[in-house]
Amino acid sequence: MKKTWVSYPYILWMIIFTIVPLLLVLYYSFTKTEDGSVVFTLENFRRVLEPTYLKVLWRSVVLAFISTVVCFIVGYPVAMILAGKDMSDKSILVLLLVVPMWMNFLLRTYAWMTLLDRKGVINSILGAIGLPQVHLLYTDFAVILGMVYNFLPFMVLPIYSVLRKIDRSLIEAAEDLGSDSITVFRKVIFPLSLPGVVSGITMVFMPAVTTFIISKLLGGSQYMLIGNLIEDQFMRVYDWNFGSAISIIMMVLILLSMGIMTKYDKEGAGGGLF
Amino acid sequence: MKALKRIYLIIIFVFLYAPVLTLIVFSFNDSKSRGHWGGFTLKWYGQLFKDRQVMSSLYNTIIIALLSALVATIAGTAAAVGIHSMKKVLKSFVMNLTYLPVVNPDIVTGISLMILFVFIKLDLGFTTLLLAHITFNIPYVVLSVLPKLKQLNKHMYEAALDLGAKPLYAFFRVILPEIMPGVVTGFLLAFTLSLDDFIISFFTTGSGVSTLSITIYSMARLGVSPKINALSALMFIVVLVLLLIVNKRSATNGRNEAPLINI
Amino acid sequence: MKKRITAFTLLLLAVAVTLSACGSPGSDSGEKTEKVTLNVFNWGDYIDETVIEDFEAKYPHIKVVYETYTTNEDMYVKIKTGGSDYDVAFPSDYMIKRMIDEGLLKEINMDNIPNYKYIGDQFKNLSYDPENKYSVPYLWGTVGILYNKTMVTEPVDSWKILWDEKYAKQIIMSDSERDSIGVALKMLGYSMNSKSIEELEEAKQKLIEQKPLVLAYAVDEAKDMMIAESAALAVVWSGDALIAMNENENLAYAIPKEGSNYWFDSMVIPHTCKHKEEAELFINFLCEPEMSLKNVNYIGYATPNIETMKLLDPDKITNSTAYPTAEQLANCEIFEYPGDEINKVYNRIWTEIKAH
């Protein structure tokens with residue numbers, strides 16, 4: 001079926017709307033406007049390397065990393081439990097897992113504001129049973145919680161997907177050979193689930209590093225993460241050159257880490273969402 | 001052990017649902033307070049429907065999602081068909097091109113598109129929003145349809161041609177039905193992504209054209225807004241009902257295929 | 001195959017129902033006949049929505065699409081990139097000056113604004129638009145400290161209280177560059193329009209020191225937070241303070257003795273405007289005493305409209321939060337645009353403070 005030409009409109013579209021914009025970003029990052037004319041400069045990139053901004057980058061990476069780890073620790077057992085269930089319960093449970101994910105992302109983040117506020121639901125409950133109030137909203141904790149909440153399904157689903165496909169007979173064989181469940185897990189299940197894990201980590205880490213809404217709403221605008229920095233430069237400060245430079249650096253970092261990740265997933269066995 | 005598993009799952013589900021359910025409960029709260037109950041009322045729902053910004057952004061969101069998903073599905077399916085018959089080098093180039101918007105952080109896609117539109121002096125508004133949504137949707141359709149094409153029996157198409165069918169007829173009658181699950185998944189995926197998108201829409205819209213996510217964001221930044229709670233309650237019910245219906249239908253279908261949420 | 005079609009049909013049905021319910025508001029794809037869409041770009045929570053309805057009732061051929069922003073800087077970028085065709089905007093003093101200098105505003109034909117006569121003379125010929133060619137005053141006010149009398153035991157008369165460790169995590173600062181940097185400058189005894197890099201760096205240091213004490217940087221959210229008593233002190237605009245005080249009697253507003261900012265927001269027509277006549281109709285409409293009265297009662301700020309003031313409740317005029325005394329205004333300054341170079345310094349400093 002030699003129908004390659006059918007995809008040419010698509011290729012054209014992608015070039016116009018994906019490649020060209022990125023080239024423009026690159027262009028902006030290497031230039032600045034001085035007295036009305038555009039000059040080539042490395043100033044923007046130099047600025048990104050200033051300690052203030054490196055700190056922002058670091059903070060984003062750390063928060064995203066913590067969130068990813070928490071998602072993994074919390075989510076892996078969920079995937080395992082779901083994968084191990086028999087047919088009748090399973091689809092309903094998976095459905096229930098997915099429903100919150102279908103709620104709007106903004107709403108899910110806003111929901112936590114209601115719970116975590118100093119005068120919100122959690123503190124009300126604590127107050128009612130006589131426990132002291134806790135300061136939750138507008139802290140690191142709130143931001144991480146927001147990230148974990150929003151991205152947990154993205155960790156669970158790929159792992160679940162891969163776990164489900166594991167050939168039961170492999171597990172049975174291991175058990176027949178005398179392994180206890182912990183060894184079965186360590187030597188058979190976990191290694192086989194790795195593609196799903198990698199997929200999950202990727203799908204959590206990437207949005208976590210680049211988000212700006214969670215830090216703005218749940219962090220009280222105090223936490224400037226890379227996403228906030230970029231948004232700020234483009235929408236408030238109007239320094240598109242600097243903003244572009246930051247974006248390029250961030251994009252390169254992400255693509256690099258993705259590249260490393262996919263080395264683990266050569267055959268594309270990673271359980272994506274489809 | 002079983003009990004432990006059960007408890008753990010319950011905790012997780014409580015964690016997942018508590019915020020949403022809290023929002024829903026408080027949508028009936030007469031007081032604007034986030035922690036205290038002031039009495040039962042339906043006034044926030046009334047205000048929600050009267051709010052022209054919310055209504056118009058709801059309209060925009062659905063239209064954009066439908067249109068962009070449709071266009072993306074058609075373009076994406078065609079693209080997948082084309083890519084499937086490509087030679088190694090071209091194929092790998094195009095696949096990388098396809099992966100780019102998927103892998104790229106939303107914020108970079110958003111600002112790059114904004115820069116593009118400003119550069120070609122295209123006013124930010126409904127058109128640019130639509131273009132942006134189509135752009136990030138097509139790759140997902142391609143990625144949904146391609147696996148199905150790979151699973152296809154190559155010889156069916158040739159057999160159809162041998163039997164005298166014209167290529168287009170053969171495509172619609174032979175190939176399309178086989179890849180249909182992928183096409184539909186792609187469409188639904190595109191539709192969902194479009195509905196839920198915030199960051200890319202945020203940067204590529206203007207002139208008062210708002211999507212639901214953007215409106216919620218503006219409302220959230222104004223302070224406590226129980227209208228948002230009312231909106232959440234309604235959305236939750238719609239989503240739940242839709243998912244239940246779709247899932248039920250696919251499960252009880254004689255063909256014994258796994259539920260739509262086939263993960 | 002069948003189930004997919006069913007799912008699809010259900011989806012389309014749901015959509016069709018929603019659409020007919022909404023009656024397709026939003027884009028002007030529906031009625032083509034002469035309906036003009038007026039794009040109004042304003043601060044959040046800065047108009048009584050019924051005023052818009054009244055306007056549309058009076059001029060049925062105009063449909064108002066209303067969008068909001070949270071700070072002058074946000075508005076500036078959107079208008080500068082030219083990507084959106086806003087017809088009316090409401091910038092503050094210094095921003096108006098900047099936009100005039102950069103050619104971002106269209107001159108308003110004052111003949112089309114007969115209601116301009118209601119604006120008090122003290123609000124005309126201000127430094128940012130000396131010939132009154134580009135702006136029509138909308139509302140004015142001050143910046144001050146909104147505080148909870150039950151949570152703050154000492155008198156609130158100086159900006160220094162916002163640096164008091166006693167109130168750690170009970171302080172809300174303004175998420176607006178000029179406002180917060182201005183507060184720090186005033187506290188140090190400098191002008192809010194300082195162009196000295198040393199003074200600005202000092203202000204930056206102070207704001208960085210303050211960061212651990214700050215609960216959040218907020219603009220519009222601050223008033224709900226104060227009403228709910230989530231914090232003890234907040235830097236707010238006078239109108240927000242009034243609204244908050246109405247909802248919670250424990251709140252009070254003070255303008256510190258070092259002085260503060262006193263600002264004017266005016267209606268302007270950006271260069272992107274596509275419907276100038278309708279824009280001028282809108283501006284004129286908002287100057288009608290009754291309309292202005294509705295707005296003032298809803299949002300709380302002070303009006304520059306003399307006729308409206310006559311219609312106000314007497315206790316509103318004597319309310320010093322909305323209408324400060326000359327004594328309170330003594331040390332207050334109007335923001336000025338410091339010029340592109342120094343503006344970049346302000347931007348950089350604010351970014352560094354937030355990034356810290």
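## A buried helix in chain C

The buried residues of α5(C) are C:E177, C:R178, C:D179, C:S180, C:I181, C:G182, C:V183, C:A184, C:L185, C:K186 and C:M187. The model is predicted.

After α5(C) comes C:G189, with a positive phi near 90 degrees.

## Chain C as a whole

Chain C has 14 helices and 11 strands. Its radius of gyration is 22 Å, close to the 21 Å that the globule rule gives for 356 residues, so chain C is as compact as a globular protein of that length. The C-alpha trace of chain C spans about 65 × 60 × 45 Å along its principal axes.

Of the 356 residues of chain C, 49% count as buried. Take the contacts in chain C between residues at least 6 apart in sequence: 77% of them join residues at least 24 apart.

## Two domains in chain C

Where do the domains of chain C touch? The contact joins 14 residues of domain 1 to 13 residues of domain 2. On the domain 1 side, helix α4 (residues 93-101) of chain C gives the most, with 4 residues. By class, that side of domain 1 of chain C has 4 nonpolar, 5 polar and 5 charged residues.

## Chain B

Chain B has 11 helices and 0 strands. Its C-alpha atoms fill a box of roughly 75 × 60 × 35 Å along the principal axes. Of the 263 residues of chain B, 51% count as buried. Among contacts in chain B between residues at least 6 apart in sequence, 77% join residues at least 24 apart.

## Where chain B meets chain A

This contact takes 67 residues from chain B and 68 residues from chain A. Several helices of chain B each supply at least two residues of the side that touches chain A. They include α1 (2-26), α3 (52-84), α4 (88-103) and α5 (106-119) of chain B. Also among them are α6 (126-151), α8 (167-196), α10 (212-222) and α11 (226-252) of chain B.

Which helix gives the most to this side of chain B? It is α1(B), with 13 residues. By class, the side of chain B that touches chain A has 49 nonpolar, 14 polar and 4 charged residues.

## Where chain A meets chain C

Here the contact takes 19 residues from chain A and 19 residues from chain C. In chain A, α3 (51-84) and α11 (226-237) each supply at least two residues of the side that touches chain C. The largest share of that side, 5 residues, comes from α11(A).

The residues of the side of chain A that touches chain C divide into 8 nonpolar, 5 polar and 6 charged.

Definitions and conventions: Residues are numbered from 1 along each chain as its sequence is written. Chains are lettered from A and ligands numbered from 1 in the order in which they are written. This is a predicted model: local features need pLDDT of at least 70, side-chain atom pairs count only at pLDDT 80 or more; totals for chains, interfaces and linings use all residues. Two residues are in contact if their C-beta atoms, placed from the backbone, lie within 7 Å. Ala, Val, Leu, Ile, Met, Phe, Trp, Tyr, Cys and Pro count as nonpolar, Asp, Glu, Lys and Arg as charged, and the others, Gly among them, as polar. A residue is buried if 20 or more other C-beta atoms lie within 10 Å of its own, exposed if 12 or fewer, and partly exposed in between; C-beta atoms are placed from the backbone. The radius of gyration is taken over C-alpha atoms; the globule rule is 2.2 Å times the number of residues to the power 0.38.
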